[in-house]
Amino acid sequence: MSTDHDTNEREYGLLAEFTNPGAVFHACEKVRDAGFTVWDSHTPFPVHGLDKAMGLKRSPLPWVVLVAGLTGASLAMLLQWWIGEVAYRMVISGKPLFAWQPSIPITFELGVLFAAFASVFGLLHLCRLPRHHHPLFSSTRFERVTDDRFFIAIESGDPKYDREQTRSFLASLGATAVEVIEDRDVD
Amino acid sequence: MASPTELLSGIAKPMPGYDPIGGRDQLVTDRADFASITSDVAGVIERKTTIGWWVTFMVSLGLLGILGLSVAYLVYNGTGVWGINSPIGWGWAIVNFVFWVGIGHAGTLISAVLFLFRQKWRTGINRFAEAMTIFAVMCALLFPTIHVGRIWLLHWVFPIPNQMSAWPNFRSPLLWDVFAVSIYGTTSILFWYVGLIPDLATMRDRAKTKIARMAYGIFALGWRGSNRHWQHYEVAYLLLAGLATPLVLSVHSIVSFDFAVSQLPGWHTTIFPPYFVAGAIFSGFAMVMNLVIIARWAFKLEHIFTMKHLDNMARVITLTGSMVGYAYAMEFFIAYYSGNPYESFAFVNRAFGPYAWAYWIMVSCNVISPQLFWFKKLRNNIAVLFIVSIFVNIGMWFERFVITVTSLHRDFLPASWDYYSPTIWDIGAFVGSFGLFGTMMCLFVRFLPLIAIAELKTVIPAADPHGAHGHGSDHAHSDHPHSDHPHSDHPHSDHAAVDQGHGGQGHSAPAIALQKATHEH
Amino acid sequence: MGGSHTKTWPSPADLTLPDSSGWNKVPLIGALIGVACIGAAAAMGWTSGRFAFAYLTAYMYWLSIALGGLFFVIIQFAARAGWSVLVRRVAENIAATMPLFAVLFIPILLNMDHLYHHWLHPDANDAVLAHKAGYLNKTFFLVRAALYFITWTGLALFFHRQSTRQDVDGDIRHTSKMQAMSYPAIALFGLSITFAAIDWVKSIDPHWFSTMWGVYYFAGAILGFFALFGLLTVMMTREGSDLFHGTVTTEHRHDIGKFTFGFVVFWTYIAFSQYFLIWYASLPEETVWFKHHLAGNWEAVGYVLIGGHFILPFLFLMSRHMKRNRTTYAMGAVWLLFMHWVDLYWNIMPMYVPHGAPADYHSHFALSPEDILTFVGVGGLFFATFAFLLRRQAIVPIRDPRLGESLRFENF
């Protein structure tokens with residue numbers, strides 16, 4: 001195990017394992033209250049209220065999506081006006097060259113398309129994904145994060161981080177195991 | 001005396017997902033735990049491929065071959081090989097198109113609309129239904145694509161600058177279809193994929209072979225269950241559900257515009273948009289019902305796709321079937337009320353003319369057969385559920401046939417009246433489209449988790465961090481939620497039905513083994 | 001969770017309207033205002049027929065809200081909803097005002113010659129109306145009206161009675177009964193509201209037809225109900241006089257706000273679909289309706305509806321903050337209630353032709369005192385009945401088995 005590591009080796013931080021959502025929830029509240037900032041919890045599913053227990057702010061994603069949706073809708077209206085009135089003026093079945101009524105369907109559809117792409121790419125950007133290599137993946141224990149185990153990871157970059165103290169702090173929160181994670185990506 | 005506030009605060013606060021009346025609780029029977037959910041769902045993929053799967057896959061591939069042949073023959077010869085004539089210029093191609101788009105809508109409804117309404121029973125069937133949506137939209141897109149005849153000029157429907165300086169006609173409902181259906185397909189894939197990311201990570205972490213690990217890993221994008229990610233993820237999922245909801249309504253509304261913006265009696269009527277949407281949900285739910293019944297039997301997932309799911313879907317089928325019946329009745333009533341002889345003729349001809357047989361197939365399948373689900377006994381009988389759902393899909397296909405063909409075959413000019421019969425190439429393309437659908441469905445259940453693993457975990461009692469069950473998996477099996485409630489001694493009829501439905505076979509062997517294993521930890 | 005076996009249930013008396021509440025005065029004040037306003041409006045506009053049209057607008061408006069309440073209650077049971085239990089009694093009381101509307105239908109019957117003279121006294125050469133006489137005749141009209149009121153009153157009182165009985169005996173079977181009833185109730189409700197809308201509003205212009213009409217009135221009705229429902233939850237949870245003792249939270253209001261938002265979109269979808277299909281097909285027998293309703297300055301009212309009934313509330317209610325803040329939410333609800341009235345006004349009033357008007361009379365938008373007086377008058381009687389019902393039993397369905405779920409309810 002990691003207790004006999006050299007101090008000059010880079011370490012990512014500490015990983016604490018919990019067996020149920022209640023335990024990780026209360027542990028998160030305590031980690032938050034202890035003033036840690038560079039840390040995260042990892043769970044197989046979104047635990048209800050854990051964002052508040054971690055003290056996270058609301059996601060800004062809705063605003064991004066709103067702007068994207070309005071952009072898409074405006075562009076669609078503009079495109080239909082330009083084709084109808086400017087680029088390809090042709091009277092078909094006695095309809096006006098451009099009218100708002102028949103332009104609504106495509107305006108709506110393109111608004112949704114832009115908004116949907118913004119949701120997905122906005123999500124990926126906010127999560128900094130894809131990221132296929134992460135120090136936490138070096139832990140075998142961590143493989144169960146997508147199954148039935150709950151984790152808290154406090155990074156060594158946290159100002160309050162101290163390997164031994166933080167380790168015993170995490171253990172005191174009911175963690176069933178605490179391990180040191182090395183940062184093999186950074187050389 | 002206690003104050004009202006105290007009295008109210010003393011009222012028992014039930015477990016999430018638990019319903020004192022019965023009828024809503026016990027989505028996942030067997031008191032599943034996290035590990036058993038993972039292993040049950042992943043087990044479907046990890047187990048050896050069954051003979052049944054191979055048979056289904058081969059039959060589907062065969063049908064897909066028929067599709068390929070029918071399309072190749074059509075493209076080589078032109079649309080004259082179909083049974084269309086003048087005045088019936090729209091035949092099976094549009095019927096099949098509307099049929100498949102409609103099927104797709106239930107998937108979005110289950111995954112998005114029921115999500116917004118916090119109908120937790122959707123969890124469990126949503127992944128499956130979304131997959132169905134995507135494959136149904138693929139089948140749907142096929143028909144308008146091939147019906148243009150000169151398929152190599154298909155790009156003309158998109159506003160692409162070209163040397164002729166020609167642009168598509170944005171006032172045409174058929175162009176709205178191009179946008180609506182392709183955007184619907186795109187958004188459905190995005191929504192489905194976002195839902196899949198955590199489960200792909202699960203598959204990656206369980207993978208035994210390097211190839212599987214790589215394949216799932218690439219698409220899992222390095223997901224690590226971070227709650228800084230979950231937080232955005234949940235918002236993104238909610239937003240996509242919020243976008244997909246009006247989108248699904250708009251798509252079938254726009255499909256209905258194909259007919260309703262015309263001046264043809266039988267096509268032009270203002271109720272068409274919501275009526276088409278209701279019909280789409282109706283047929284889609286019937287298709288989900290059929291597929292779920294097959295999947296729960298084939299993969300032994302009776303404890304995840306519970307009778308409760310089937311019961312709820314049966315209720316939705318009856319509700320939407322009645323809406324469709326309302327629209328049929330309203331069309332007939334207004335045909336009379338309008339005092340317009342052409343309207344009256346179109347509807348009387350529909351019911352009693354040369355296509356009366358199709359009309360009455362439609363009415364009996366769509367309006368009458370789902371009324372069987374008023375009876376609980378029939379709602380809880382797998383055979384009845386399966387057969388009625390097939391009837392509903394037959395009826396909904398005929399609805400589109402009746403709308404398309406009966407409205408066209410009696411032109412305003414009696415000299416051009418005609419009768420439409422499909423050719424073998426019409427039939428080949430339609431039957432073949434089931435091959436495309438079946439092939440995709442087989443590949444899906446073989447390689448991707450057919451149940452949303454991460455989401456399913458959120459609806460079991462142990463997922464609540466504040467509940468008695470959230471504090472340790474040992475508790476999760478010790479007491480039944482009902483014992484906490486003052487009404488626990490009331491007989492729960494719904495509940496009893498669920499339990500009966502399974503007899504003793506609900507526990508799958510891996511689930512029990514894993515439950516034991518987690519207890520010994 | 002512990003302790004629930006020994007807990008005492010609140011009795012209905014614990015959660016009734018306190019004597020200090022201002023709602024106690026509403027029955028008397030509302031009835032006085034109602035009678036006075038309707039009386040004044042009738043005196044002013046009886047002969048010209050203005051009263052008839054103004055009254056029909058006000059009647060259809062408040063009726064739509066009561067019907068919306070009934071539909072909400074039905075759906076809560078059909079969907080076995082838990083979140084709404086705390087506030088459901090409010091909707092039950094709104095629905096239970098239905099007998100009032102049966103009584104208030106009398107002025108419409110007395111004014112049928114003004115409102116429905118096109119089909120009551122059709123032109124002898126009018127083949128279309130002769131064709132419709134089997135449906136549009138006075139006897140059948142009255143029979144249908146009676147059927148609607150029997151259906152609505154029966155359903156509203158059934159749900160109200162079952163729910164209030166449960167307050168006393170706590171029997172879970174009341175819930176089961178209401179759940180069982182909710183499914184046929186949906187069908188009965190859907191048919192009755194459709195034909196009522198056709199009979200009472202569409203038949204003013206009896207040549208015109210649209211299969212969407214029933215859904216259009218339904219969409220507006222549900223939206224109007226949700227707007228008032230949201231406003232009432234704000235009014236009834238005011239600090240210092242919170243009738244719900246803090247149990248109805250921002251979360252419940254937020255959910256009502258989401259429904260309101262949803263029905264803003266739904267109304268727009270239905271209204272646009274109806275208008276758009278008629279616009280595109282451009283058949284004279286259908287476009288004639290819009291010719292009347294967009295003539296002169298009525299067109300401006302149409303634009304107000306697009307902006308005020310859709311765009312503004314759509315953007316406003318999209319924001320989570322606007323829905324969760326009491327003040328902004330109440331403002332939005334009041335605005336939507338106003339817009340729902342504009343919608344019905346625009347649907348009914350352009351068909352008004354003053355008695356003895358010249359043949360070339362052109363309808364135009366001009367607000368008259370009768371319009372306001374009938375709106376306030378019928379509203380006064382509606383609130384009087386609502387408050388009267390509010391006093392008679394607990395504010396909350398205190399023994400509803402899903403009350404616990406409603407108490408712990410939180411949004412996403």
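The centres of domain 1 and domain 2 of chain A, taken over C-alpha atoms, lie 44 Å apart. Within this predicted model, chain A is divided so that domain 1 is built from two stretches of sequence, 9–57 and 135–184, while domain 2 covers residues 61–127.

Over all chains, the count of disulfides comes to zero. A:Cys127 accordingly takes part in no disulfide, and the nearest cysteine sulfur, which belongs to A:Cys28, is 17 Å away. A:Cys127 is also buried, with a relative accessible area of 2%. A cysteine of chain B may be considered next. The sulfur of B:Cys139 is 13 Å from the closest cysteine sulfur, that of B:Cys442, and therefore too far for a bond; the cut-off for a disulfide is a pair of sulfur atoms within 2.5 Å. B:Cys139 counts as buried because its relative accessibility is 0%.

The largest nonpolar core has 349 residues. The residues with the most contacts inside this core come from chains B and C: B:Trp100, B:Phe285, C:Tyr59, C:Phe101, C:Tyr116 and C:Trp200. Helix H2 of chain C, residues 50–78, gives the most to the core, with 22 residues. A second, separate core has eight residues, among them A:Leu15, A:Leu136, A:Phe142 and A:Ala153. Residues up to four places away in sequence aside, B:Phe285 touches B:Ala106, B:Leu109, B:Ile110, B:Leu114, B:Trp121, B:Met313, B:Val316 and B:Ile317.

Chain B also contains a loop between helix H10 (307–337) and helix H11 (341–352), and B:Asn340 is found there. What is the relative accessible area of B:Asn340? The value is 12%, so B:Asn340 is buried. Apart from neighbours within four places in sequence, B:Asn340 is in contact with B:Ala335 and with C:Glu285, a residue of chain C.

In chain C, helix H9 spans residues 138–169 and holds C:Arg144. Is C:Arg144 buried or exposed? Its relative accessibility is 5%, and C:Arg144 therefore counts as buried. The side chain of C:Arg144 is joined to that of C:Asp199 by a polar contact of 2.5 Å. With residues up to four places away in sequence not counted, C:Arg144 touches C:Tyr135 and C:Leu136 as well as C:Asp199.

Further along chain C lies helix H16, which runs from residue 326 to residue 348. Its 23 residues reach 33 Å from the first C-alpha to the last, close to the 33 Å expected at 1.5 Å a residue. At the start of H16, a side-chain oxygen of C:Asn325 comes to within 2.8 Å of the backbone nitrogen of C:Thr327. H16 is mostly covered, as 17 of its 23 residues are buried.

The loop between H16 and helix H17 (369–392) of chain C is the place of C:Leu367. With a relative accessible area of 48%, C:Leu367 is partly exposed, because a residue counts as exposed over 50%. C:Leu367 and C:Met349 are 18 residues apart in sequence, and their C-alpha atoms are 9.9 Å apart in space. Beyond residues up to four places away in sequence, C:Leu367 touches C:Trp341, C:Tyr345 and C:Ile372.

How values were computed: Residues numbered from 1 in each chain as written. Chains lettered and ligands numbered in written order. Predicted model: local features only at pLDDT ≥ 70, side-chain atom pairs only at ≥ 80, totals over all residues. Heavy atoms only, no water. Helix = DSSP H or I, 4+ residues; strand = E, 2+ residues; numbered from the N terminus. Expected span 1.5 Å × (residues − 1). Buried < 20%, exposed > 50% of the residue type's maximum accessible area, 1.4 Å probe, protein only. Polar contact = N/O pair within 3.5 Å; in protein donor to acceptor, adjacent residues only side chain to side chain. Domains from an automatic or database assignment. Core = buried A, V, L, I, M, F, W, Y, C linked by side-chain atoms within 4.5 Å. Contact = heavy atoms within 4.5 Å.
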